[in-house]
Amino acid sequence: MLAASDITVRFGERTVLDCVSLEVASGEVVALLGPSGVGKSTLLRVVAGLLTADSGTVSLDGRDVTMLPSHRRNIGLVFQDEQLFPHLTVAENVGFGLRMQRVGRTEISARVQDLLQLVGLEALANLHVTKLSGGEAKRVALARSLAPRPAVLLLDEPLTGLDRELHDRLAADLATVLRTTGTTALLVTHDIDEATTIADRIERL
Amino acid sequence: MDRDRAALNRRPWWLVPALAAAPVAGLALFYLWPLATLLARVVQPGSVSDALGAPGLARVMWFTFWQALVSTTMTMVIGFAPAYLMARFRFRGRAALLAMVTVPFMLPTVVVGAAFLALLPASWHGTARAVIVAHVFFNIAVVVRLVGAMWAVLPTDLTAAARTLGATPSQVLRFIVLPLLRPALWAASTVVFLFTFTSFGAVKLLGGAANPTLEVEIARRATQLGDVDGAAVLSLLQLVILGAVVWWSSRWQRRASLHLAGDGAARVARSRHERRFVAITGALTASVMVIPLVVLVSRSFRLGGAWSLNAWRTLGSSEVRPGVSLGVDPLASLLTSLRFAVVAALISVVIGGLASLAIGAAGRHGSLLDVGLMLPLGTSAVTIGLGMLITFDTAPFDWRARWWLIPLGHALVATPFVVRALLPVLRSIPADQRAAAATLGASPLRAWLAVDVRRVALPLAASAGLAAAISLGEFGATTFLTRAGRETMPIAIGRLLGRAGEIPRAQGFALATILLATCGLIIGAVSGAVRPDGRVHARSK
Amino acid sequence: MRKVLLAGLAAGLVLAACGNDEDRSSGTPATITLVAYDSFPTKDTPLNEALAVFTADTGIAVNIVTAGDAGTMVAKAVLTAGNPEGDVMWGVDNTLLSAATEGKVFEGQPSEVDFGDVCVNYDIAWFADRGVEPPTTMDDLLLPEYKDLLVVQNPATSSPGLAFLMATIAHTGEASWQQFWTDLRANGVEVVDSWDSAYYERFSGAAGSAGDKPLVVSYGSSPPAEVVFADPPRDDAPTGVVGATCFRQIEYAGVLRGTKHPDEAAQLTAFLLSEPFQKELPLTLFVYPANPSVTLPEVFTKFAVVPTNPFTFDPETIAANRQQWQDQWTEIVLR
């Protein structure tokens with residue numbers, strides 16, 4: 001279970017987040033809705049440990065992780081522009097988190113296979129990510145974040161920049177994947193239809 | 001559409017040949033012919049085996065490679081943190097720090113050599129480690145600029161993504177940052193390796209007689225032992241090695257550069273950790289870059305353990321002891337150097353300007369001239385000097401005594417830099433500008449004059465400064481061509497620092513300080529208009 | 001406007017540079033250039049006064065150019081042969097003559113101008129203060145009590161340096177001289193590029209020197225210099241000579257090939273051999289004049305050491321082995 005309490009973030013004069021609190025129950029998918037610039041992505045980064053809040057706490061299953069660096073939080077983040085590692089293949093990208101955990105090669109290989117099947121991209125395992133289409137890249141980004149079994153998965157406007165048809169298809173797929181894996185997820189979006197499709201509960205910022 | 005435009009608006013056919021005539025003639029006469037003479041010298045039976053059989057050649061070769069490798073490795077390692085600092089952070093004094101890192105790179109090698117002679121204790125003089133330390137100092141700019149430039153566009157979110165996947169900071173470095181920086185790392189390593197391999201001034205002053213590289217040995221053979229044949233063989237050997245290194249390195253670099261999308265913009269340090277890193281790295285880098293030069297200046301004011309103006313006061317006389325002369329007048333060498341610099345800059349700018357315009361006007365066909373003009377850049381200065389010396393030594397081409405031969409040698413070394421600075425400016429001119437001129441009634445020739453020539457005028461002036469600075473500091477080629485009464489400052493400094501007495505040493509430091517100040521002024525004036533990565537800002541009116 | 005100024009400045013400097021071209025053949029009086037090694041005085045000594053007399057008599061002014069010890073000088077002459085930096089060259093010695101001849105440096109044959117013996121000199125007071133006996137033989141130099149005390153010159157750049165090298169080769173034999181130098185290196189020998197630098201900057205026994213080494217390769221005729229320039233004056237020599245280390249050196253001067261003033265150069269060469277000039281050699285350069293009609297000054301004959309049996313090599317041996325010996329020495333001692 002994820003709990004963010006009284007998160008305040010200031011950039012110079014500007015207060016981006018003011019005493020924001022949020023909770024996501026285990027296995028729940030929550031969508032955070034709001035117009036651009038209101039601080040949704042900032043909140044995600046605070047939860048992920050990429051940004052230090054001026055005040056407030058983040059806790060995971062009761063444990064306070066506010067002072068913990070990103071790489072020890074086991075909180076995944078799917079970036080808006082995917083941020084796939086351009087020098088690695090699809091399989092290498094997906095297996096990256098496991099490799100950082102020093103999991104054995106065969107085990108990585110098996111898990112990567114599973115995840116690629118989950119997102120429907122088994123055939124592209126050895127392709128360099130620079131050759132992927134927009135939709136494929138987003139699937140790989142999702143698979144990559146899921147592979148190390150994060151306690152919580154954060155998604156920052158994961159379906160931006162896709163045409164309507166692809167967007168709707170991927171939204172449905174994303175909803176299925178999250179439910180199948182039982183992932184605790186916090187999704188940030190400005191699209192209410194997307195929020196309704198994917199999330200169990202909608203919060204507004 | 002291109003075809004129609006070409007037929008109707010083609011510039012006169014004689015434009016490119018007219019522009020290229022002087023540069024091509026100059027290149028052929030003063031570079032290709034000397035190179036051919038060197039080759040002819042080597043091809044004589046016996047000379048190759050004699051030279052290659054000389055005792056100690058293997059050791060010289062081994063040392064040249066070894067010190068270049070160690071220098072390169074250490075430069076890459078030491079330059080890494082400053083590169084990261086300059087690439088990723090905005091902080092007060094960043095521009096000044098960048099200047100502090102870049103200026104040593106453009107200083108004459110004798111000045112850097114003198115600075116480290118002043119800084120390092122006597123037990124370090126004439127050792128390999130002194131050479132390596134000076135090389136690192138010199139070349140940090142390459143790492144900071146080349147690697148930093150690439151690091152600056154590395155999206156921060158890539159490293160963030162890696163961290164959310166559980167990568168520790170060192171894992172991020174190892175698996176994400178370094179692989180993505182690889183093209184820049186290769187480029188920087190190659191440049192530093194080539195520079196340290198052919199380094200002359202620093203090795204000569206700091207390595208002493210015990211640690212010669214190939215370049216220093218070539219000069220020694222020719223100017224101390226009179227063994228020109230041996231020197232010629234070593235020159236060509238070095239050319240072959242350099243060619244092989246460049247070829248091998250370019251094969252490894254041939255990976256297509258990856259398109260890095262995203263925001264890598266530099267930001268202000270936020271966490272206490274980051275602020276500490278910025279402060280410490282910034283302070284250390286600034287110290288390392290500035291201290292040797294400060295020590296150089298201060299040592300010129302110290303004699304016998306006390307502060308003294310004696311070295312400076314006696315700089316105008318060449319007396320070593322009553323009645324006996326050093327053989328070179330230090331202040332006269334200053335005037336000679338300035339004179340030569342003006343002439344060399346003039347030649348470089350004219351030839352370089354003509355060549356750039358020719359290459360620009362020639363379009364696709366310009367690449368041959370482009371590559372041709374870059375050749376002197378890849379040839380060591382010592383080889384250029386040696387070639388000129390043995391080519392222009394018989395009538396009617398016996399030009400050894402001509403006053404213009406040395407500035408010409410300097411121009412040969414400097415022109416490639418001028419071309420490299422001007423070409424991007426020319427290439428950045430949108431074709432529509434000429435089209436606009438055409439619709440306003442300008443003939444193709446007039447349009448070319450109004451647009452292209454006008455565009456390069458200011459960068460040309462800036463390049464003149466660059467060429468002057470190069471000429472002032474030129475040491476390798478000048479060593480061969482120097483004649484009594486016409487010594488340049490680097491030659492004089494080398495002579496002064498070669499004596500064992502305290503006063504000549506201090507005088508050497510003083511003269512090196514003057515050279516430092518002169519070059520520093522020129523570089524400072526020019527750097528507003530010319531970026532060291534070769535591109536030229538045209539300052540807005 | 002700024003560009004016009006800049007162009008004008010450039011043009012002016014170019015013209016100024018033109019004015020410095022070496023060809024000054026127009027007009028009298030002619031000035032010719034004497035190229036010599038770096039210890040040859042350029043002004044203020046009796047030697048220079050003698051040259052001034054020459055100028056007064058003939059109208060030929062003499063400009064003196066020095067650049068380093070004889071080895072450096074000869075190498076430069078070889079590189080500029082046919083288009084020389086000067087008109088007459090002084091100071092090629094018998095060890096370097098083959099280099100000059102092979103390089104076709106001279107017009108015709110050079111003439112012998114002086115001679116001397118290259119020997120190890122020692123600082124008497126330094127050894128007396130420490131109660132150590134100065135060395136007496138070549139092999140003594142390898143003894144531990146003389147560790148780190150000797151300064152020699154690089155035989156590639158210096159003629160006494162080359163002469164001393166040849167002395168060691170003559171002493172130990174052509175087959176085993178390398179071992180001698182390996183041992184000498186192990187015993188801490190310092191190498192300097194020129195005699196002037198070694199004697200006046202590193203040798204503790206030289207007047208006005210801040211050096212700390214009591215043993216130096218110099219001349220059998222160097223002690224008189226220390227008597228002449230002693231301050232306060234003294235009537236004994238403060239330096240001594242190790243007679244067993246001496247090598248007979250003969251110096252030459254000649255007209256350079258390609259000189260633009262052959263007549264004047266010939267006149268100067270003749271003057272260099274004449275009595276008025278040669279009589280100044282003992283107390284200025286501290287060498288023996290070649291001209292037999294010169295009477296040597298008393299202080300010179302009294303304090304100069306003439307070895308009974310200096311080492312020597314015949315010109316053919318020197319010519320055949322010089323470069324190889326220099327190369328091998330460099331390998332053994334410097335690398």
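Before I go on: what we have here is a predicted model.

B:Arg221 sits in helix 11 of chain B, which covers residues 214-223. Is B:Arg221 buried or exposed? B:Arg221 has 26 other C-beta atoms within 10 Å, and the cut-off for buried is 20 or more, so B:Arg221 counts as buried. Now a distance. B:Ile291 lies 70 residues from B:Arg221 along the chain, and 35 Å separates their C-alpha atoms.

Next, chain A. This chain holds 7 helices and 9 strands. Along the principal axes, its C-alpha atoms fill a box of roughly 45 × 40 × 30 Å. What is the radius of gyration of chain A? The value is 17 Å, and a compact globule of 205 residues would come out near 17 Å, so the two agree. Of those 205 residues, 45% count as buried. As for contacts in chain A with a separation of 6 or more, 71% of them join residues 24 or more positions apart.

Last, where the two chains meet. Chain A puts 20 residues into the contact, and chain B puts in 21. Which elements of chain A give two or more residues to the side that touches chain B? They are strand 6 (75-78) and helix 3 (96-100). By type, that side of chain A has 10 nonpolar residues, 9 polar and 1 charged.

How values were computed
Residues are numbered from 1 along each chain as its sequence is written. Chains are lettered from A and ligands numbered from 1 in the order in which they are written. This is a predicted model: local features need pLDDT of at least 70, side-chain atom pairs count only at pLDDT 80 or more; totals for chains, interfaces and linings use all residues. Helices (H or I, at least four residues) and strands (E, at least two) are DSSP runs, numbered from the N terminus. A residue is buried if 20 or more other C-beta atoms lie within 10 Å of its own, exposed if 12 or fewer, and partly exposed in between; C-beta atoms are placed from the backbone. The radius of gyration is taken over C-alpha atoms; the globule rule is 2.2 Å times the number of residues to the power 0.38. Two residues are in contact if their C-beta atoms, placed from the backbone, lie within 7 Å. Ala, Val, Leu, Ile, Met, Phe, Trp, Tyr, Cys and Pro count as nonpolar, Asp, Glu, Lys and Arg as charged, and the others, Gly among them, as polar.
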